[in-house]
Amino acid sequence: MRRFPDRVVTDHRSHDEQNAAIGAYVRWRNARAQPKTNFAASSPIRSWTSYPAKVA
């Protein structure tokens, strides 16, 4: 049994190493991001964006 079950265990040796890994992932993910489309017709996002409704 782990002594501190509320703590997250990572493979990183330091906070700086973990922060660098998180930053690299966020940059990687953002570089591949696609715009969100096909929101539900009744979604509140349609009231403040110009996404066209694709209702069947």
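Of the 56 residues in the protein, 7% are buried (under 20% relative accessible area; exposed is over 50% and partly exposed lies in between, with a 1.4 Å probe and protein chains only). This is a predicted model, in which local features need pLDDT of at least 70, side-chain atom pairs count only at pLDDT 80 or more, and totals for chains, interfaces and linings use all residues. Residues are numbered from 1 along each chain as its sequence is written, and side-chain values use heavy atoms, without hydrogens and water.

The protein exposes about 5600 Å² (Shrake-Rupley method, 1.4 Å probe; for residues, only the protein chains shown count as cover). Carbon and sulfur atoms supply 55% of that area.

## Helix α1

The secondary structure consists of 1 helix and 0 strands (DSSP runs numbered from the N terminus: helices are H or I, at least four residues; strands are E, at least two). Helix α1 covers residues 15-31 and includes Val26.

Gln18 is also found in helix α1. Gln18 counts as partly exposed because its relative accessibility is 24%. Leaving aside neighbours within four places in sequence, Gln18 is in contact with Thr10 and His12 (heavy atoms within 4.5 Å).

## Val26

Val26 has 38% relative accessibility and therefore counts as partly exposed.
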